[in-house]
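Here is a short report on one protein chain.

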Amino acid sequence: MANANIILSLVILGSLCSLANAVYKVGVGRADITGPPVEINFMGYANIKQVGEGLHTRVFARAFVVEDEKGNRVAFVSADCGMMGYGLKREVIKRLQARYGNIYHTDNVAISGTHTHGAPGGFLMHLLYDISILGFVPQTFEVMAQGLYLSIKRATDNMVDGRIFLATTTVLNANINRSPTSYLRNPEEERAQYEHDVDKTLTQLRFVDTQNNLLGAFNWFAVHATSMNNTNKLVTSDNVGYAALLLEKEYNPNKMPGKGKFVGSFCSSNLGDVSPNIMGPKCSISGNECDLLSSTCPSGEGECFASGPGRDMVESTQIIGQRLAEAALNLLNEQSQESTAREVTGDVRFIHQFVDMPNYNGSAYNPLSRKLDKIRGCQPAMGYSFAAGTTDGPGAFSFEQGTTTDNAMWNFVRDFIVPPTQEDVKCHEPKPILLATGRATFPYEWQPKIVSDQLLKIGDVIIAAVPCEFTTMAGRRLRNQIRAAASASGGIEPTVIIAGLTNIYTSYTVTPEEYQAQRYEAASTIFGPHTHSIYMDVFERLTKAMMRNETVDAGPSPPYMNDVMLSLNTGVLFDGHPIGTDFGYVKTQPNKEYGINETVHVSYISGNPRNNLFTEKTYFTIERKINEDRWKVTYTDASWETKMIWHRTNIILGFSEVSIYWNISPQTLPGEYRIRHSGEYKYILGGKYPYEGLTQSFIVKED
């Protein structure tokens, strides 16, 4: 009996120790945010020809919520989308407050985009960013708003006593600087402090419960999600999304993609000048080197395009994603030499302020003049080199990166739309203005003027939520500034994480030195040469106020524009099918037998996928026979191994077909399989009706 009491006492003591170590309440959640996969342009490359034709992977929002012992709470979301718009965040906060009251609000919720260039657009609510999408797309906006809300709701509902660990590792061969000549404009003594011209550090926050069960892992790494180039027309979460799928598959065994308790995310950071196309830029026809300053090729040698490490863009996406996932997995593996995790401790704080950038006046150290200068913002404007595009996705016409002089013809076109003032021209020098977006008001605001600046503090970790794409050195300087301000005001030496493309999107931010080069990133720094200096000033002030528990003025709210949105996108009028068939009719049956690494192709008479997005569901399933009465789903439309491609066969009569492809990987179990497609069709007299199609079964042979 005495031994039993001793054992019971030890169990109770151990439980109390576990609770004592539960510094926080933590929760993670995930939700589907896949928009219409067809007939809607993708957001990212601004390519009018990049219209969705189907689905490679679904896209998700992944969230974590942290609350300290005093009840201070923050929520962070990383979403598989190009970037975030404030109209969308405002709607998410509205839905959260309808459910939870004032627990969540603008100040303590941060929503960041991974920057995939392969997801449907039309949700940003500023004309310049939606114009290549043909305007606002309500269906995209709604599925994203609900999915973002659900990810935070699920994280909230999953909150438990837990702990947080931080770890870092170096990832080589996953990113390069796509504007190296601009980077070289930064002071030599500053560049000498860093080994590389891009950040190679992956920073991970690991969330566990009191029993050390893994709940989730969020990883920040600076790289553009542009392994899939502007010829891709299938919805994709790109390299960082694939990394997330691999990470979640490891800790959610036997679960379909997007399912399971463990949530793993790869989030954007200071990726402004950072490309995953690590083989570098070459002339697309000749294969020769591009001009380094202008990223152009001689006549007849093609466009200056950078490529990834694979044989094609899909394999390149896999390779970069695998390298990121392996780095994150090594950090999670406590036996790995890469595991250098330390526990995060301390209180939770947050601070937020809206800043009117064109009307900002202040002072900051000018690295060019090496003295304290007055700084001010400019009205938003895009430079000539913006139209040149990047080596990840070249632009149109004859524009070149590095352009610092204007052109009479293009100035005439610009002035026909809306002319800049002489003050604008002077303010933006040496940027020649191609689009005076800050002066354009028809039919509504073209680019934001009010930005969202935010800090989330979790113990000795500070997440700086920036509303744009900071370049490598711009991000390094901001991290150093925040770290120094936190040390001076709060006595801590925090790890500072840059969370890019958060809350509202305002294109790029480069250093003052990089601005002089006027490559794509500088031409897209919309508030002029002092943009970075303003952010340095604002975030230093916010850091000091947060560390001292001081409040700041909320600042002017961005305008409400939901009721003035313009859209040239039409809805689905009706669906039809050829005589003698019906919706779901299998037009192309599978072969009787397949081997490993072969591809199954089937097709169906279908309705338009926009009739039902099958959110949190799937347009198709690949099923394996278990016994005479049971088939098990083995792959869905969220699986990397599958693709769905839709096309119209008769526009007038509304006929269309959907093709499904399954690449049989070496991990596939042999056996009998079939493919089921689900959809909805729109009747010409109104109403939507479900249909289903099922193929004949087929055999996958042993390898």
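Helices and strands here are DSSP runs, numbered from the N terminus; a helix (H or I) needs at least four residues and a strand (E) at least two. The model is predicted.

Start with Leu501. This residue sits in the loop between strand 26 and strand 27 (508-509). Its phi is positive, about 55°, although Leu501 is not a glycine.

Two cis peptide bonds come next. One joins Glu429 and Pro430, with omega at about 5°. Pro430 belongs to the loop between helix 10 (422-428) and strand 22. The other joins Phe442 and Pro443, where omega is about -5°. Pro443 is in the loop that runs between strand 22 and strand 23.

Four strands make an open sheet with mixed pairing, in the order 18-23-24-26. Strand 18 (348-356) and strand 26 (495-499) are the edges. Each has a single partner strand, so one side of each is left without a neighbour in the sheet. On average, neighbouring strands are turned by 15° against each other, direction ignored.

Strand 18 and strand 23 (residues 450-458) run antiparallel and are joined by nine bridges. Across this pair, His352 stands opposite Gln454 of strand 23.

Helix 11 (residues 472-490) packs on the sheet. It touches strand 23, strand 24 (461-465) and strand 26. The direction of helix 11 makes about 140° with that of strand 26. Helix 14 (residues 531-547) also packs on the sheet, touching strand 18, strand 23 and strand 24. Its direction makes about 40° with that of strand 23.

**The domains**

The domain assignment gives domain 1 (26-281 + 309-350 + 453-503) and domain 2 (585-700). Their C-alpha centres lie 31 Å apart. Domain 1 puts 29 residues into the contact, and domain 2 puts in 25 residues.

**The pockets**

| Pocket | Volume | Lining by class |
|---|---|---|
| Largest pocket | about 1,300 Å³ | 17 nonpolar, 15 polar and eleven charged residues |
| Second largest pocket | about 1,100 Å³ | 24 nonpolar, 14 polar and five charged residues |

Where does the largest pocket lie relative to domain 1 and domain 2? Both domains give residues to its lining, so the largest pocket lies between them. The largest pocket has a volume of about 1,300 Å³. Of its 43 lining residues, Lys249, Tyr635, Glu641, Ser665 and Gln667 are the closest to its centre. Several elements each supply at least two lining residues, among them helix 8 (313-332), strand 31 (620-627) and strand 32 (630-636). Strand 33 (642-650) and strand 34 (655-663) are also on that list, as is helix 7 (238-251). Helix 7 gives the largest share of this lining, five residues.

The second largest pocket is also lined by 43 residues. Nearest its centre are Tyr45, Ala46, Asn47, Phe386 and Ala387. Helix 3 (127-130), helix 9 (408-417) and strand 22 (433-435) are the elements that give two or more residues to this lining. Which element gives the largest share of the lining of the second largest pocket? That is helix 9, with four residues.

Methods: Residues numbered from 1 in each chain as written. Predicted model: local features only at pLDDT ≥ 70, side-chain atom pairs only at ≥ 80, totals over all residues. Heavy atoms only, no water. 1 Å grid on protein atoms, 1.4 Å probe; cavity = no way out; pocket = protein on both sides within 12 Å on 5 of 7 lines; lining within 4 Å. Points joined across faces, edges and corners; volume = space filled by probe spheres on them. Nonpolar A, V, L, I, M, F, W, Y, C, P; charged D, E, K, R; others polar. Domains from an automatic or database assignment. Pairing = 2+ DSSP bridges. Axes fitted to C-alpha atoms, helices over the stretch in contact; angles between N-to-C directions. Contact = heavy atoms within 4.5 Å.
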